[in-house]
Structure formats: C-alpha cells, structure tokens
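Let's take a friendly tour of a protein model with its sequence and 3D picture at hand.

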Amino acid sequence: MPGMISLILRNLFSKPVTRRYPFEKRAPFPTARGQIVFARMKDCVFCGLCMRNCPANAIKVDKASKTNTLEPFRCIQCVMCVEVCPKKVIDVLPDYTKPEYEKTEIKFVQK
Amino acid sequence: MAKTVLTFGPQHVVFPEPIQFKLKVEDEFVVGAEPVIGYVHRGIEKAFELNELKKNIFLAERICGICQSPHSTAYVLGVERLMGIDAPARARYIRVIINEMNRLHSHMLWFGLLGDAIGFESYFMQVWNYREKLMDVLEKITGNRVTYSMNAIGGVRRDISDELQKEINRVLDFLEEALKSVDGVLRDYTMVKRTKGVGVLTEKEAKRDGAVGPTARASNVPYDMRMLGYDAYCDLEFKPVVVDTCDSYGRAVVRWKEMFQSIELIRECLSKMPPGDIMTKSNALPKGECVIRVEPPRGELFYYLKGNGTKNLERVKVRTPTFANIWPTITMLTKGCEFANVPVIVLSIDPCISCTER
C-alpha cells in the first residue's frame, strides 16, 4: 500500500513513540485518580460514610481504636469516599499504586 | 465427502476473549457452526440485586472493558427514570461526549485488531498509536484511561473545563488528519481481497436474526439506538451510517464512517454545551420497572430494571450487543465460507465475550 509505505519508512528512521518504561516515566496527569490516602486524620470523626459508600469494600473504619484501614489492592479508585467525606479527610493522588509482593493493608491511626 | 468437526477457540490468536465455535467442515468449507459460550460468566446480574444503587454504577461499568461508559449510562438512565428525575442539560451533553469518545477509541481498537487478524502489523501499531492520544485526553477528563466512572445518578461527576474543551478539539483535529492518512487501508488490495464478499449477511437475514449495531447497518438496516434521542442525542444532528454491501468490508466501512461521525458529534456537543449544573440531587427511591436501550460501539445495549422502593433493585437484566450478534455470525459462517476466513468473519462483528456472559 503506497500511502502506508512512506509512513512505515518514516517510522523506521524516526525515534520510537513508546517510552523506555522503567527508566523513563510519564508524569501522571494532575486530574488522574491514582490512589486514595487519608491525609488529614486529625479531622476524621469516624462517621463511616466512606466505608458504607465504598463499592469494593476496601475501607474499614474502627471508631474504638480510631483507625481507618485501607486495602489498596481492593480499591478501584472510584473516589466515592472523597466525595462523601463530610470533613474532607481523604485525598486522591495522581500516582498509581505501586506493585507489591504481598497484598498489604494500610492503617491510618488518629493520634 | 465426510464431515469433520473442528473446534475454533476458546483460545485462539484472533480472540482476546474465550469463545468456542464448533465448526462442521467439509473439505475446506464450513457448513455448520455451533457457538459455545460460558467460559467467563461472572454472575453480575445477581450482584446487581445484592449491591446498593450507587455502587451498581461501578459494577455496570465493569461488565465490559471497552464499552463501559454506555453500560453505566444505560444503568443510570434507567434508575433516573424510575426515580422520576432528569439529568441537567450540561450533564447530558458531557455523557454524549464521553460516549462518543468511547465509540471513537473502540472503533480504532477494532481497526487495529482487523489489521492484526489479516496480518497487517504496521497498520495495527499505527492506529493504536493514534488511539493513545485519545486515551490520554480521556484520562485528563475523567481521571482514568479505561474505567471513566463519569456517570452518577442524576448527572455526571466531573465537569469539562474550557481548557479541556480546547484540548479535546485539538486531539479531534489531530485524529481527523491522522485517520485520513491511513484511510488507504480500505482501498488496499489485500484488505479488500480478505474482506469483500466474506461473511455475507443480507438485509433480510439481518432483520430475521436480529443483528444490531454496525453488523446491521452494514446490511442496509438503519438500526441505531441513538435515534431514540436519549441524553443529548435529541438535540444533535444525527443520521445513522448505512452501507449496503452486506459483507465484512461493509462493516469496516460503517465503522470507518462512524469514527468521523463521532468526531463531528463531539464537536457539535462542545459548541452547543450549555453552562450550568452537572448534577440533580434527589433522595427518591426507584419504584416500578423500565427498559432502557442505548448504543455502545458494538450495537444495541438493553437494560431492564425493576425497583421495589428500597435501596436495592429487585431485578436487572442486561442484553449486550454481541449476544444479539452471535446468531447472525452463525448465519454468515454456515453459508459455506472458507475455513481461513472464519477469523475475519467472527472479528467483523467486533465480539466482546465478557460482556455477553456478564
């Protein structure tokens, strides 16, 4: 196909469009929903709205021990918890969850 | 001549997902076919009943990886109708923009897969390279490349700012140019040879077998759910793309033209989008039953919802476009096609098996 051949030759002699991924990373878009984090635990009132609205059951709120537990590998980054939180405790970060060997839980404790 | 039964799939290079066709072969020609599905059933319809209303939006999105936006649109439209609320005008326009961008990237993906299936690797990579620009802008708008989570009951969750609108326009201009630079593929000798006259489905057969989407429109049946005017489609100038070649080539042409139609529709939406709210708040609970039909990239998507005035729905039934298109595929296959053409014929309906089995 003549039209495609010039394109193919151009691709052959130009630099690749892909990134050399582990060495060269694209900065995440600022609006991306990468992961959630309980950033301002001191404001948390442990109402449990985030737990009840989580579609993946990734958040557990324990009022007695003043602990919020997040399972990052269950979380689907829908950021419903960020929207429903009355005290705006939860932040959404644009970086994606890093791969890990074990599915760990992250505990956020109010001091 | 003795008949032989050959199994095609469930693992095959042209299928990204598992489906099996038991093909009855006479010499090199297929004379009978039997589909076997059920490899990736996930029980999502039951999960709909157990989950709460708001959480179901994310479940609906996960029925299909590529056309997830129409799935959540259909679900949300149904719940809104049962609750007796309407999304604000701006939200309806944003939904159309996301759905059309979804169609655009799905069709580009399909063209890449078609190139891959007939052995045109460089075309596959070129189209997917262009598609990446669209995926990036979708990530900027919605926050995620694949699962957008834009729809909410009563509107959408994120607004499209003026800056992003300019960016969308820039990407659309780029895509229009880029796609035109590779449009020679539809005139390419090998492509035409591999698709023209392959997988014929006449207008009568398409109507009889209930074909939907580009499969029906390539058989001269102007069957497009966007004509129903859900969301903002009622305000847009829109006419379904119809081709009368009735073969795999026609299906490619329909998708090709629909990509440019989608670009036009997104531009029209961006120019007509009114300012204002993007969410209608309501505490009503759904009661009664309703049927919603929307148009994902692959054809008609059918949702039946039944609410009983509680937080949970009593029944959700989903019929996806590939399910409707399986029987027309059997009709195409059993007309005595060559065995080597089976991948192209099956691919021409753009099968999505995980959606079909839910």
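In which sense do β1(B) and strand β2 of chain B pair, and over how many bridges? They pair in the antiparallel sense, over five bridges. Keep in mind that what you're looking at is a predicted model.

## A sheet with β1, β2 and β3

Those strands belong to an open sheet of chain B with three strands, running in the order β1-β2-β3, and the pairing is antiparallel. At the edges sit β1 (4–8) and β3 (29–36) of chain B, each of which pairs on one side only. Ignoring direction, neighbouring strands here are turned by 25° against each other on average.

## A sheet with β6, β7 and β8

Chain B also has an open sheet of three strands in the order β6-β7-β8, again with antiparallel pairing. Its edge strands are β6 (287–294) and β8 (313–319) of chain B, each pairing on one side only. From one strand to the next, the twist averages 10°.

β6(B) and strand β7 (residues 301–308) of chain B pair over eight bridges, in the antiparallel sense. If you look for B:C290, you'll see it standing opposite B:L305 in β7(B). This sheet has a helix packed on it too: α3 (residues 68–83) of chain B touches β6, β7 and β8 of chain B, and its direction makes about 145° with that of β6(B).

## Where the chains meet

Now for the meeting of the chains: 22 residues of chain A are in contact with 25 residues of chain B. The size of an interface is often given as the accessible area lost when the parts come together. Here chain A and chain B bury about 2,000 Å² between them, with 51% of it on carbon and sulfur atoms.

What about charged partners? There are three salt bridges between chain A and chain B. A:R26 forms a salt bridge with B:D136, and their closest N and O atoms are 3.3 Å apart. Across the interface there are also 13 residue pairs in polar contact. On the side of chain A that touches chain B, α1(A) gives the most, with four residues. By class, that side has 14 nonpolar, four polar and four charged residues.

Note on methods
Residues numbered from 1 in each chain as written. Chains lettered and ligands numbered in written order. Predicted model: local features only at pLDDT ≥ 70, side-chain atom pairs only at ≥ 80, totals over all residues. Heavy atoms only, no water. Contact = heavy atoms within 4.5 Å. Buried area = accessible area lost by both parts, 1.4 Å probe. Salt bridge = Lys/Arg side-chain N within 4 Å of Asp/Glu carboxyl O. Polar contact = N/O pair within 3.5 Å; in protein donor to acceptor, adjacent residues only side chain to side chain. Helix = DSSP H or I, 4+ residues; strand = E, 2+ residues; numbered from the N terminus. Nonpolar A, V, L, I, M, F, W, Y, C, P; charged D, E, K, R; others polar. Pairing = 2+ DSSP bridges. Axes fitted to C-alpha atoms, helices over the stretch in contact; angles between N-to-C directions.
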